[in-house]
Structure formats: structure tokens, C-alpha cells
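Dear colleague,

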Amino acid sequence: MKKLVSILLMVLLVVVLAACTSDDKSKDDKASANKENATRDVDTVMGKVTVPANPQRVVVDWNLGEVMAVGIEPIGTSKTILDYGALLTPFVTEKTQDIGADGLVSIEKILALKPDLIITYDTEAVEKFSKIAPTVVYDTSKYKTVQEKVIAMGELLNRQKEAQEFNDNLEKKVAAAKARIDQVIPKDATISIIDVGTTKSTIVVGETGERGGDPLYQLLKMNPPENVQKDIIDKNEPRIDVSWEKIADYAGDYIIKISNPAIKQKSLPAIWNTLDAVKNDRVIEVDVRSYFMSDAYASMLQVEDLADKIEKLKK
């Protein structure tokens with residue numbers, strides 16, 4: 001009888017333990033499901049949008065660098081970015097699939113990736129993207145600095161801590177790069193960015209345009225020539241076309257010369273060789289495929305790349 005009672009007690013204990021385990025698992029599963037399905041409302045230029053609290057499968061059609069800055073590698077982005085963001089390439093794995101060229105992204109490709117959030121710059125694309133996943137418009141024109149862009153993306157993706165960590169790291173990298181550059185370029189010297197990608201005219205860049213404007217003027221606080229300040233920066237223009245006849249008016253003591261080595265180009269007009277920066281070997285050559293993008297992550301990499309290239313001027 002005692003043996004039978006012991007067996008029954010053991011069986012009862014096993015049943016109770018199994019029930020408790022099952023109940024705990026059910027609670028864990030429910031908590032996990034609630035966390036996965038949790039949402040939050042974010043303010044955008046298109047109004048409030050309900051998005052996943054912690055998105056895991058993000059597609060971004062342009063602002064790859066800001067998404068990367070807050071510690072997320074998206075599952076899809078535009079091929080244009082990968083083609084003209086060469087400095088970003090080592091940090092982008094096969095996880096990030098090509099969704100097509102800028103302005104021609106494939107709805108079918110995005111749909112196949114099963115995103116839980118889509119980030120776009122294009123207000124006209126919201127309607128079609130929203131049929132696939134919650135879609136938000138990220139408008140960089142609303143933010144004055146690289147750091148503000150990162151903070152805004154951190155709020156959007158609920159990664160505020162990561163955004164602040166990136167900005168803290170960026171500040172350290174900028175300070176280190178500036179200290180190196182100051183060993184080469186006098187503090188009162190001017191420096192301009194001139195894109196010579198076409199021999200018909202040039203593009204002179206301000207502090208908010210692509211092609212290195214953000215890292216050079218905004219982050220590194222380098223001095224623009226007077227006409228660059230007056231005609232571009234003060235007028236909130238990202239860049240202007242300047243004829244070769246007037247290029248000397250915008251040329252600084254130092255010049256960042258942007259070209260595309262992948263394109264066979266004719267010789268530059270003779271006026272180029274009359275510029276003081278050219279005659280004094282104060283030209284920093286950069287590839288447009290590495291400097292076209294002006295996102296936060298690319299800007300951080302460009303700051304360090306500029307310091308490397310400028311240091312070589314004194315050798």
C-alpha cells in the first residue's frame with residue numbers, strides 16, 4: 001500500500017510540474033508574441049504612422065547610412081547607393097539585397113523581402129509601399145546637421161541609445177581627423193570642393209551638398225573661399241554650376257578635386273593649371289563613387305579618408 005501511495009504521489013508531482021512548465025512556456029510564448037507584435041506611433045512629414053516597436057526587417061530606398069548609424073543593416077536598399085557609396089561597401093553584407101536603382105525600385109523585390117518597415121524619401125511612393133509594410137518618409141531637409149539626422153533616425157527606429165553612441169563616436173573621429181589635418185593645412189587657409197566630372201563646366205559644392213560638403217565644412221569646420229560662402233552656403237544652396245572661365249573665383253588655397261576615374265575624360269581646360277592650389281600641389285584627388293553620398297555613416301568615413309589624403313600632401 002505504501003509503495004502504491006508513493007507511486008501515485010510521484011505521478012501527481014510529475015503532472016503538476018508538467019502543468020507548471022506548460023503554463024510558463026505559454027506565458028513566455030505570449031510575452032514573446034506581444035513583444036514581436038508591439039507597435040508605436042511616430043510623427044512623420046506625412047502625419048502619424050504606426051510602426052513596429054522594434055523593426056527587424058527594414059527596407060530603405062535611400063538613407064542607408066543613417067539606418068546603419070543606429071546599428072541596423074537593412075534587408076534591402078537601392079543599388080544606386082551601393083554604386084556611389086563605395087566607402088560604405090565593406091560594411092554592407094549580403095544581408096542587404098538590391099531593390100533596384102534610385103527612382104526605379106522594384107515593388108516585387110521589396111514584397112519578396114517581407115519587410116516589417118519601409119523607409120523612403122519619396123512622398124509619392126508612400127501609397128504603394130504602404131501596401132507592403134508600414135512606411136515612413138524620412139526627410140533629411142528637416143535636419144540641419146549630420147548628428148540631427150542620426151538622432152531622428154534613432155527616434156524612428158526606437159534606437160535612441162545607439163544614435164547617441166554613434167554621434168559620440170563621430171565626435172571623437174572628427175576631433176582626431178581635424179588634429180591631423182591641422183598639421184598640414186594652416187587654420188586660416190581656404191579649401192573648396194570642385195567636381196570636374198564634365199569638361200563643359202564644374203560643380204562647386206557647399207556644406208550640405210553631396211560630394212564631401214558635409215564632412216568638410218560642417219564636421220571638420222574647414223574654411224570655404226569667400227564666394228563659396230556668399231554664393232552657396234549663405235544662400236542655402238547645396239552646390240552650383242560654375243563655368244571654367246569663373247572657376248578661379250571659387251578656388252581655395254586647397255582644392256578637393258572630384259572626378260570619376262571609371263570614366264575616360266578629356267584633359268581639363270588650361271585654366272585649371274593656372275589655379276594657385278594646382279600650381280602649389282595642394283589638390284586632394286577623390287573619387288565621386290566614394291564621395292557622392294552625404295549620409296551620416298559615409299560622412300564619418302569621408303572625414304577619416306580626407307585626413308589620410310591631406311596628410312599625404314606634406315610627404
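The notes below describe what was found in this structure.

The model is predicted, so local features are reported only at a pLDDT of at least 70 and side-chain atom pairs only at 80 or more, while totals for chains, interfaces and linings use all residues. Residues are numbered from 1 along each chain as its sequence is written, and side-chain values use heavy atoms, with hydrogens and water left out.

Confidence and overall make-up

The average pLDDT (the predictor's confidence in each residue, from 0 to 100) is 91 for the chain, and 89% of the residues score at least 70. Residues 30–34 stay under 50, and the model gives them 0 contacts beyond four places in sequence; a contact means heavy atoms within 4.5 Å.

The chain holds 12 helices and 12 strands; these are DSSP runs (helices H or I, at least four residues; strands E, at least two), numbered from the N terminus. Of its 315 residues, 45% count as buried, where buried means under 20% relative accessible area, exposed over 50%, and partly exposed in between, with a 1.4 Å probe and protein chains only. Among contacts between residues at least 6 apart in sequence, 63% join residues at least 24 apart.

The largest pocket

The lining divides into 8 nonpolar, 8 polar and 11 charged residues. Ala, Val, Leu, Ile, Met, Phe, Trp, Tyr, Cys and Pro count as nonpolar, Asp, Glu, Lys and Arg as charged, and the others, including Gly, as polar.

Lys 149 belongs to helix α6 (residues 146–156), where the buried residues are Val 146, Lys 149, Val 150, Ala 152, Met 153, Gly 154 and Leu 156.

Salt bridges

The whole structure has 14 salt bridges, each a side-chain nitrogen of Lys or Arg within 4 Å of a carboxyl oxygen of Asp or Glu.

- Asp 195 pairs with Arg 211, with 2.7 Å between the closest N and O atoms. Asp 195 lies in strand β8 and Arg 211 in the loop between β9 and α8, 16 residues apart. Both residues are buried.
- Lys 257 pairs with Glu 285 at 3.4 Å. The two lie in strands β11 and β12, 28 residues apart. Lys 257 is buried at 14% relative accessible area, whereas Glu 285 is partly exposed at 45%.
- Asp 276 and Lys 279 meet at 3.7 Å, N to O, and both are exposed. They are separated by about one helical turn because they stand 3 residues apart in helix α10.
- Arg 180, Asp 308 and Glu 311 form a network of salt bridges.

Positive phi angles

Asn 158, in the loop between α6 and α7, has a positive phi near 60 degrees and is partly exposed at 28%. Lys 221, in the loop between α8 and α9, has a positive phi of about 55 degrees and is exposed at 58%. Most residues other than glycine have a negative phi.

With kind regards
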